[in-house]
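Hi everyone, thanks for coming.

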Amino acid sequence: MSATADHAEERTNPAARLGFQPGQVVQEIGYDDDVDQELREAIESAVEGELVDEDYEDVADAVVLWFRDDDGDLTDALVDATTYIEEGGSILLLTPKTGRDGYVEASDISEASTTAGLTASKSVSVGKDWSGSRLATPKAAKSKR
């Protein structure tokens, strides 16, 4: 595959844009009927394997956290999610877009991320109904310097 094809895939595949790599173990938290199935399939394609669920008993390379406003405390959910990932791993926080049921204010995401000790490194639209915020653990944030 040429570099041009790689860049084209990054533009069209949100999972590639978000940095998912083949061989990664990605744990999914907060799955429900409203999640974006196309995004889930894109992530599984990018990592060349299935997402593992909340009962997975080992450490994952990344976490996909679907979170809606009525799911409880976002800070708690983020702190809990960090216990599931490798040091230096990342969390993809997925929240409903503005105007959708369960929408979470950007200021709430920012505050909860900071309180949980995470650094927001990228926000993207990942589907018709969902926005994604890529959050890095402290070690991952330091390694980008």
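**Charged side chains and their partners**

Let's start with Glu28 and Trp66, whose side chains are joined by a polar contact of 2.8 Å. By polar contact I mean a pair of N or O atoms within 3.5 Å; within protein, one must be able to donate a hydrogen and the other to accept it, and residues adjacent in sequence count only if both atoms are side-chain atoms.

A word on where this comes from: the model is predicted, so local features need pLDDT of at least 70 and side-chain atom pairs count only at pLDDT 80 or more, while totals for chains, interfaces and linings use all residues. Residues are numbered from 1 along each chain as its sequence is written, and side-chain values use heavy atoms, with hydrogens and water left out.

Back to Glu28, which sits in strand E1, residues 26-29. Helices (H or I, at least four residues) and strands (E, at least two) are DSSP runs, numbered from the N terminus. Glu28 counts as buried because its relative accessibility is 7%. Buried is under 20% relative accessible area, exposed is over 50%, and partly exposed is in between, with a 1.4 Å probe and protein chains only.

So, who pairs with whom? Side chains of opposite charge can pair when their charged atoms come close. I call it a salt bridge when a side-chain nitrogen of Lys or Arg is within 4 Å of a carboxyl oxygen of Asp or Glu. That rule gives four salt bridges.

One of them joins Arg40 to Glu28, with the closest N and O atoms 2.7 Å apart. This pair links distant parts of the chain, since Arg40 is in helix H3 (residues 37-47) and Glu28 in strand E1, 12 residues apart. Both Arg40 and Glu28 are buried.

Next, look at Asp34 and Arg68, a salt bridge with its closest N and O atoms 2.8 Å apart. Here Asp34 is in the loop between E1 and H3, and Arg68 is in the loop between strand E2 (60-66) and helix H4 (74-82), 34 residues apart. Is Arg68 buried or exposed? With 8% relative accessibility, Arg68 counts as buried, whereas Asp34, at 37%, counts as partly exposed.

Finally, Asp129 and Arg100 meet in a salt bridge of 2.7 Å, N to O. Asp129 lies in the loop between strand E4 (119-125) and strand E5 (130-136), and Arg100 in the loop between E3 and H5, so the pair ties together parts 29 residues apart in sequence.
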